Every structure is written in structure tokens, then in C-alpha cells.
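Please keep the structure open as you read.

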Amino acid sequence: MSQKEDLDATATDTGPGGKALNEDWLATIVGLAILALALLGFIPREVLW
């Protein structure tokens with residue numbers, strides 16, 4: 001890839017306000033939130049298994 005192609009690819013990876021929003025981080029945060037809810041008992045055991 002040339003430098004221009006790299007810049008074009010990264011230009012679409014920005015969220016609102018121009019800040020980069022990585023989908024991997026979002027998935028990690030959602031996964032940790034679900035894990036916390038399960039450990040605290042907010043999600044019934046029958047739903048998890």
C-alpha cells in the first residue's frame with residue numbers, strides 16, 4: 001500500500017468528533033460489561049447456560 005492509500009483507509013475509521021473509535025475496543029468493553037452483569041447476578045444462570 002502506498003502512503004496515500006494508508007491515509008484513505010484510516011480516514012474512515014474515525015468516530016464522532018474526529019476521534020478514532022476502534023471496533024475491537026468497543027467489543028471488549030461490551031464483553032466486559034456482560035461479564036460483570038453475569039458475575040453480579042443480573043443475568044439469570046439459565047440465560048447463560
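About 4700 Å² of accessible surface belongs to the protein chain, and carbon and sulfur atoms account for 66% of that area. Of the chain's 49 residues, 2% are buried. Keep in mind that this is a predicted model.

How many helices and strands does the protein chain have? There are three helices and zero strands, and reading along the sequence gives the pattern α-α-α.

Confidence deserves a look before the details. The mean pLDDT of the protein chain is 75, with 57% of residues at 70 or more. Helix α1 (residues 3-11) is where confidence is lowest, at a mean of 54, while α2 is where confidence is highest, at 92. Where pLDDT is low, the predicted coordinates should not be read in detail.

Helix α2 covers residues 23-40. With 18 residues, α2 spans 26 Å from its first C-alpha to its last, close to the 26 Å expected at 1.5 Å a residue. Just after α2 comes G41, which takes a positive phi of about 90 degrees.

Which residues make the nonpolar surface patch of about 250 Å²? The patch is formed by L26, V30 and I34. In an α-helix there are 3.6 residues a turn, so residues three or four places apart point the same way. I34, one of the patch residues, sits in α2.

Setting aside neighbours within four places in sequence, L37 is in contact with F42 and I43.

| Residue | Relative accessibility | Class |
|---|---|---|
| I34 | 43% | partly exposed |
| L37 | 39% | partly exposed |

Why does I34 count as partly exposed? The reason is its relative accessibility of 43%, since partly exposed lies between the buried limit of under 20% and the exposed limit of over 50%. L37 counts as partly exposed because its relative accessibility is 39%.

Conventions:
Residues numbered from 1 in each chain as written. Predicted model: local features only at pLDDT ≥ 70, side-chain atom pairs only at ≥ 80, totals over all residues. Heavy atoms only, no water. Patch = residues over 30% accessible without salt bridge, like charges linked within 9 Å, V, L, I, M, F, W, Y side chains within 5 Å. Areas by Shrake-Rupley, 256 points an atom, 1.4 Å probe, with all protein chains shown as cover. Salt bridge = Lys/Arg side-chain N within 4 Å of Asp/Glu carboxyl O. Helix = DSSP H or I, 4+ residues; strand = E, 2+ residues; numbered from the N terminus. Buried < 20%, exposed > 50% of the residue type's maximum accessible area, 1.4 Å probe, protein only. Expected span 1.5 Å × (residues − 1). pLDDT = per-residue confidence, 0-100. Contact = heavy atoms within 4.5 Å.
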